[in-house]
Amino acid sequence: MVPVNFSELGLCDELSQAVADLGYKEPTPIQEKSIPYVLMGRDILGSAQTGTGKTASFTLPMIEILASGRAKARLPRSLILAPTRELAAQVADSFEKFSTYHKLSMALLIGGVSFADQNVALSKGVDVLIATPGRLLDHFERGKVLLTDVKVLVIDEADRMLDMGFIPDVERIVGLLPPLRQTLFFSATLSDDIKKLSDKFVSNPKVIEVAPPASTADTVAQHLVWTSPKGKRAVLRNLLRSEDVRNAVIFCNRKRDISTLVTSLKGHDFSAVALHGDMTQSARLDALQKFRDGDVPLMIASDVAARGLDIVGLSHVFNFDVPGNAEDYVHRIGRTGRAGKSGRAFTIAASEDDRKYLGSIEKLIGKPIPLIDAENNAEAASDSKAKPPAAKVRGRGRSSAATSPANNTVDATPAGNAPANEDKADGNKVIAGRSRGSRSRKQHENAPGELPAPPECSGDTLQDTGHVPAFLLR
Ligand code: AMP
């Protein structure tokens with residue numbers, strides 16, 4: 001099949017230029033399938049996971065549609081509803097990038113940031129309003145926004161809205177919109193519940209499915225590690241050291257475990273930030289920014305906070321806990337292996353409940369998750385003070401001699417800061433070293449207190465043999 005280009009989908013030259021500036025060579029399947037229908041004015045019922053280019057599939061044609069016309073004060077011309085602040089902010093980012101050559105105005109209404117600034121934006125009139133349901137209703141109740149001029153409505157991540165209990169708010173908002181409008185309804189999966197729900201919002205929609213429900217991308221190599229509940233942190237640390245981790249999201253099931261894990265990792269000289277729904281908005285945005293900028297390579301996150309996040313080039317996802325909801329597994333590992341890049345996902349299992357959850361996950365994804373053996377992982381298996389196996393340096397090729405504790409002048413492990421049960425004899429602090437990487441890159445590799453520069457090739461450097469960490473192989 002000959003690939004189409006963006007202008008063949010009916011987009012104007014300015015939009016084709018904007019996507020070319022971003023390095024997009026051709027539309028993704030969801031873009032190819034939905035853009036022409038959105039431009040025709042059809043409602044859409046779209047099933048696409050994040051990472052498929054879904055955002056551009058609705059923002060690009062919306063810009064085209066809104067290019068003619070002007071917004072009046074407090075009467076937005078289109079509305080995009082997203083379940084979380086992060087997702088809404090991400091859509092706003094994309095919108096800004098795509099509309100470089102258009103003079104469209106936008107407002108982002110999310111909780112945790114100044115009401116006053118949002119109010120000023122609304123008072124000037126906005127072409128595109130991007131909002132989470134709660135904050136939009138707050139503005140509506142204060143009489144700061146009217147929705148009677150909305151011509152295009154997008155409901156993004158509808159399945160998440162359902163999970164998070166936002167549907168009554170969404171229904172209320174939709175009741176404030178004119179009945180004659182175009183509605184684009186997107187969900188990661190089109191379950192029966194979602195289809196039933198969509199009936200309330202869309203009319204005679206074009207149904208577009210780009211991936212079978214809950215399939216995992218081929219670009220993500222999945223692995224499973226079994227250990228004891230006490231061994232989980234040690235297994236994680238060894239994976240972090242042995243894998244060529246550029247940046248990783250580590251998922252926990254419970255919010256309270258997130259801070260414990262952050263503290264534990266920091267105690268072992270890893271650099272990590274937390275991201276969960278109980279943090280203030282500014283703390284969440286700050287953590288995300290540090291992670292996106294590469295200042296902190298590890299983000300320990302909950303499902304709600306990390307759902308739909310688009311972190312460009314994420315190398316790894318770790319499930320510190322097996323998710324209780326099989327679909328969450330698909331979403332979690334879908335943070336990596338995006339936009340054609342390859343990624344790696346590791347799931348750490350430790351209990352009978354986990355076995356049950358894994359059963360549903362494997363049923364949903366239609367294949368077993370390949371098991372790697374943690375038995376040879378001395379640290380994890382015994383929870384002892386034993387040093388992790390020496391052969392741990394991969395990819396970046398640091399020599400083990402150069403990075404052994406004795407030679408590594410960086411030892412930020414505060415004695416007594418690490419959790420009681422854990423081994424403090426960490427050898428190679430690859431991620432921790434990288435976290436200082438921006439500083440070390442600027443100053444120079446062998447600055448005092450920094451890890452030495454990676455040798456081009458060293459006899460004691462473990463070669464990147466492929467995929468499964470050597471010490472975990474049977
Ligand atoms: P999304 O599914 O909308 O979250 O997009 C996932 C990632 O794919 C984002 O980083 C987009 O910038 C990128 N992307 C979207 N469309 C394309 C495209 N046609 N070509 C290359 N990258 C794209």
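Q: What covers the buried residues of helix 6?
A: In this predicted model, helix 6 spans residues 133-141, and its buried residues are Pro-133, Arg-135, Leu-136, Leu-137 and His-139. What covers these buried residues includes both strands and helices. Among the strands are strand 2 (78-81), strand 3 (106-109) and strand 4 (128-131), and among the helices are helix 5 (115-124), helix 7 (158-163) and helix 8 (167-175).

Q: Which residue with a positive phi follows helix 6?
A: Helix 6 covers residues 133-141. The residue with positive phi that follows helix 6 has a phi near 75°, and this residue is Gly-143.

Q: Which parts does the salt bridge between Glu-141 and Arg-172 tie together?
A: The side chains of Glu-141 and Arg-172 meet in a salt bridge, at 2.8 Å from N to O.

Q: Is Glu-141 buried or exposed?
A: The cut-off for an exposed residue is over 50% relative accessible area. Glu-141 has 52% relative accessibility, so it counts as exposed.

Q: How many residues apart are Asp-328 and Arg-160?
A: Asp-328 forms a salt bridge with Arg-160, and their closest N and O atoms are 3.5 Å apart. Asp-328 is in helix 14 (residues 326-333) and Arg-160 is in helix 7, so the pair links distant parts of the chain. The separation is 168 residues.

Q: Is Arg-160 buried or exposed?
A: A residue counts as buried under 20% relative accessible area. Arg-160 has 4% relative accessibility, so Arg-160 counts as buried.

Q: Where is Lys-200, the residue paired with Glu-171?
A: Glu-171 forms a salt bridge with Lys-200, with the closest N and O atoms 2.5 Å apart. Glu-171 is in helix 8, and the two residues are 29 apart. Lys-200 is in the loop between helix 9 (192-198) and strand 7 (206-209).

Q: How many salt bridges are found in the whole structure?
A: Side chains of opposite charge can pair when their charged atoms come close. One of these pairs is Glu-171 with Lys-200. A search of the whole structure gives a total of 18.

Q: How many residues does the largest nonpolar core have?
A: Those with the most contacts inside this core are Leu-236, Leu-240, Ile-250, Leu-265, Leu-298, Ile-300 and Phe-318. A second, separate core has 34 residues, including Leu-9, Leu-104, Ile-110 and Val-154. The residue count of the largest core is 51.

Notes
Residues are numbered from 1 along each chain as its sequence is written. This is a predicted model: local features need pLDDT of at least 70, side-chain atom pairs count only at pLDDT 80 or more; totals for chains, interfaces and linings use all residues. Side-chain values use heavy atoms; hydrogens and water are left out. Buried means under 20% relative accessible area, exposed over 50%, partly exposed in between (1.4 Å probe, protein chains only). Helices (H or I, at least four residues) and strands (E, at least two) are DSSP runs, numbered from the N terminus. Contact means heavy atoms within 4.5 Å. A nonpolar core is a set of buried Ala, Val, Leu, Ile, Met, Phe, Trp, Tyr and Cys residues joined through side-chain atoms within 4.5 Å. A salt bridge is a side-chain nitrogen of Lys or Arg within 4 Å of a carboxyl oxygen of Asp or Glu.
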